[in-house]
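Please read the following note with the model open beside you, and check each point against what you see.

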Amino acid sequence: MSNRMKVVVLVVLALGLIVLFLFAHLRGDFDYVLRSRSEKIVAMVLVGWAGAVSTVLFQTMTNNRILTPSIIGLDSVYMLVQTAVVFLFGSTTLTMMGNTLHFLLSAGSMIGFSVLLYSFLFHREGQNLYFILLVGMILGTFFQSLTSFMQYLIDPNEFSIIQDRMFASINNIKTDLLWPAGLLIAAATLYTYRHLHELDVLSLGKDHAINLGVAYETVVKRLLMIVAVLVSVSTALVGPIMFFGLIVANVAYAFFQTYEHRYLLAGAALFGIIALVGGQLVVERVFTFSTTLSVIVNMVGGVYFLYLLLKERKAW
Amino acid sequence: MVEVKQVLKRYGGKTVIDRVSLSVPRRKLTSLIGPNGAGKSTLLSMMSRLIPKDGGEIWIEGKEIARYRTEELAKKISILKQSNHIAARLTVHELVSFGRFPYSRGRLTRQDRDYVREAIRYMELEPLQDRYMDELSGGQRQRAYIAMVLAQDTDYIFLDEPLNNLDMKHAVQMMKVLRKLVDELGKTIVMVMHDINFASCYSDYMVALKDGAVVCEGDVSSIMSDEVLRGIYDLDVRVQTIENRRICVYF
């Protein structure tokens, strides 16, 4: 089966699941049910797309297939902001906060953090990428400790509000944010699309990329920004999903067996949509909402991650 | 013409390349020799803009290296480092096709395909061209990388220990190919060499580095002598002439 054909199969599969999700068990007020379901679909497509694309980009840049963008500490920034709002102003401020304001605050702080991190580090010439990842990881751990410190101090009832935000959930999606999130993700995707071939070269590693005339530092800097935007937007939309990108990226590598990013990116994004829509179908129809999507994704992802580690160890 | 002028490189407070000047003879095979830590690889990496320099100038065909657009430079010089681990799964043909990236930015034209086919033929990789890189032996893999450099079609080729991990037979094969590139295609090759006798038998020009400075340079006969080599390596060596080749005995 050619790679083009595989993409077609995935598109058909994704569309099939979307149709199933929209029309299965259609009862009551059709208008209302269809609208609420299509809003969920749009959110899942956006999050699936952003999570998959950001992970593939990040792994290509670092030449490492078991890293995820979460190691630069963006989810910790997200949790820190949620906790700090509750800690300083009380949980009602967080729950009553307008969606747009909340989105701006969350996405803004994550993107702001990345801009600061990169501009500070890239300013000193010749810094390598791994140094930046390391600093991000240390800051992320620091934010996590700060977050848990504040969580110990607050009222347990308030903590339960924060706990809700710790796991991604499609059920309480913020519909008025779909447009701005969609636009940002589309812009990031368009930029990526125009640099597909450079991504192919980047997967050869830094030295080969420079030898073949890729402006390595500039390209990596921009790609890191793209990754930050994708991760921030999707996290602000539904909350942090840890393993999701890692699974779909690796499934795509195994399925396509190629270096070409036009297939890898499209494939990972489609697998992302399939996983989210399929997972949400399972949550709604099998578990009847007794669990959330991210619990399922994290469990499947955790098992797959262990499998990857064991497999990689054997390869070395 | 590649000319290195007063080039400087520091790591932390330690100077690893101390104001090195060098001019690379055209259409010749030049070997950089010297003990471990002399700065050979560092110098080669700076000459091919893989790492930035901390001072001095490197001129390539009348233009300073920092003033080139990197994609323009990729059509003039190519560099191959000693360890080449590639995470992506590639066939030989796909790898060699990457050599055309500076010209086609990923959309291969008919002419690009001709260059790729020619490079594969030149390195005698035709039977292997659809095999994946991780299925090849060390020597075959090294040949595939050289084929990629060939497809890049640059006048200057920089190689960091091209004989690394090759057995005697494949090392000789590799050196004969490099010789052919210089003699038949008129390429200028600069390479870092550890095996002094391979350098002696196949290069036209030798440059010896020690502690980040050039200690001597010249044609093979002027470098391959007892006193000069003893000075470079701090080792009691004897140079003998066997079948018109200068062989260093250092065991």
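How much accessible surface does chain A have, and what share of it belongs to carbon and sulfur atoms?

1. The accessible surface of chain A comes to about 14,700 Å², and 68% of that belongs to carbon and sulfur atoms; such areas come from the Shrake-Rupley method with a 1.4 Å probe, and for residues only the protein chains shown count as cover. Chain B exposes about 11,600 Å², with carbon and sulfur atoms supplying 45% of it.

2. A word on the basis of these values: this is a predicted model, in which local features need pLDDT of at least 70 and side-chain atom pairs count only at pLDDT 80 or more, while totals for chains, interfaces and linings use all residues. Residues are numbered from 1 along each chain as its sequence is written, chains are lettered from A and ligands numbered from 1 in the order in which they are written, and side-chain values use heavy atoms, with hydrogens and water left out.

3. Chain A has 14 helices and zero strands, where helices are DSSP runs of H or I with at least four residues and strands are runs of E with at least two, numbered from the N terminus. The radius of gyration of chain A is 20 Å, close to the 20 Å that the globule rule gives for 316 residues, so chain A is as compact as a globular protein of that length; the radius is taken over C-alpha atoms, and the rule is 2.2 Å times the number of residues to the power 0.38.

4. Chain B, by contrast in its make-up, has 10 helices and 12 strands. Its C-alpha atoms fill a box of roughly 55 × 45 × 30 Å along the principal axes, and its radius of gyration of 18 Å agrees with the value near 18 Å for a compact globule of 251 residues.

5. Of the 316 residues in chain A, 54% are buried, that is, under 20% relative accessible area with a 1.4 Å probe and protein chains only. In chain B, 51% of the 251 residues count as buried.

6. Where the chains meet, 31 residues of chain B are in contact with 20 residues of chain A, contact meaning heavy atoms within 4.5 Å. Between them the two chains bury about 2,100 Å², of which 60% is on carbon and sulfur atoms; this buried area is the accessible area (1.4 Å probe) that two parts lose on being put together, summed over both. On the chain B side, Leu50(B), Phe98(B) and Phe101(B) lose the most area to chain A, together 26% of what that side buries.

Technical notes
Buried means under 20% relative accessible area, exposed over 50%, partly exposed in between (1.4 Å probe, protein chains only).
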